[in-house]
Amino acid sequence: KKLICVALCLVLALAAGAPAMAAGSAAAPYRLGVAVGDLSDPAWAAESEQISNYAWSKYGVQTNVMDAKDSSQTQLNQMQALIDSQVNFIILDAVDPAALADSVKRARDAGIMVLSYGDAPAGCNTYYNVDGYNSGLECGRMAGEFINKTLGGNCEVGLLNFPDIQGSTFYSTSSDGIVEGLAITAPNAKITSSQAAIDSSTAYEAVRSMTQEHPYIQVIVSISEGGAIGANNYVTDADINEDTFGVFGIGATKEIVTGIKNGEALKGCVGLGTSTENAQIVVDTAMTMLNGQAYKNAYHTPITPVTKANCTYYMSEAGW
């Protein structure tokens, strides 16, 4: 949204709080480490909890969850702690992918498998990430359908994108997908302004600038949740007609989907899997790998278009 690796605080006394297992189930001889970049992110807080619950309830596997609090050095220390504790598998949400490469190598050398939640750092056994291009394509397609239905197929569009970070091409491929989706669905629509913004406050000011310089912009497309939220907030504060203005973004948070449901400028977003869906996929993948079964080099999150037509169902599935 902040497009998707998990590191979790090392639980030293697992006996103090593991839920009871179903009768007749046998505990698996595995332990998972989950290294989360920042548990203050609501999406990661929910997902790490789902990972722990699902790993225990389905497989009898305990998890050590670590919160780096957005500190690269803290995460380096936590990765070493997970290695020293001899977990069997690490699910990693890297704060600084480049800085974690050596830690990943040490884990692999110790016989620990690593799944990166994201497309970096290098050297992981496998990766679970967002398909940037196809999620962008879906975002552009939804925006194009709104333009055709509401604006007669002709519209100026503002694009909120962001430069790629080291080791990832998510932002550029997402942006490319949005542009392509718009071109296919609403060929007469034209992107007249593009600015870098992935957080809500920067996006708010970017959309202010865009709409002042290009007053005929009626649609904003964003590669992130934060961009979509900031754009929506500006449209509301500027008293722009929300019926004929559309905001679309990649990533579905409770705030975004609620805005869609309430008929705000937010008209659609691309869901990248609920916390339950993503947790089940990564845990099932970890168990597949630990049990010596074949696995892929990369897995992708689900891609689900969310509009007013299905937002209530999506919120129910997400547990909101």
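Helices (H or I, at least four residues) and strands (E, at least two) are DSSP runs, numbered from the N terminus. This is a predicted model, in which local features need pLDDT of at least 70 and side-chain atom pairs count only at pLDDT 80 or more, while totals for chains, interfaces and linings use all residues. Residues are numbered from 1 along each chain as its sequence is written, and side-chain values use heavy atoms, with hydrogens and water left out.

**View 1. Ile303 in the loop between strand 11 and strand 12.** The loop joins residues 298-300 (strand 11) to residues 304-307 (strand 12). Ile303 counts as partly exposed because its relative accessibility is 32% (buried is under 20% relative accessible area, exposed over 50%, partly exposed in between; 1.4 Å probe, protein chains only). Val270 is 33 residues away in sequence, yet its C-alpha lies 6.4 Å from that of Ile303. Beyond residues up to four places away in sequence, Ile303 touches Asp131, Asn134, Ser135, Glu138, Val270 and Gly271 (contact: heavy atoms within 4.5 Å).

**View 2. Thr285 in helix 9.** Helix 9 covers residues 275-290. Thr285 has 7% relative accessibility, so it counts as buried. With neighbours within four places in sequence set aside, Thr285 contacts Leu115 and Tyr299.

**View 3. Helix 6 and its buried residues.** Helix 6 spans residues 200-213. Buried here are Ala203, Tyr204, Ala206, Val207, Met210 and Thr211. These buried residues pack against strand 6 (156-161), strand 7 (190-196), strand 8 (217-222) and helix 7 (225-237).

**View 4. Helix 6 against helix 7.** The two axes come within 7 Å and cross at roughly 55° (axes are lines fitted to C-alpha atoms, for helices over the stretch in contact; angles run from 0 to 180 degrees between N-to-C directions). Helix 6 is therefore oblique to helix 7 (under 35 degrees is roughly parallel, over 145 roughly antiparallel, 65 to 115 roughly perpendicular, the rest oblique). Helix 6 contributes Ser200, Ala203, Tyr204, Val207, Arg208, Thr211 and Gln212 to the contact. Among the helix 7 partners are Ile229, Tyr234 and Asp237.

**View 5. Helix 4 against helix 5.** Helix 4 (residues 132-150) packs on helix 5 (residues 170-185) at about 35°, with axes 6 Å apart.

Terms used
The expected span of a helix is 1.5 Å times one less than its number of residues.
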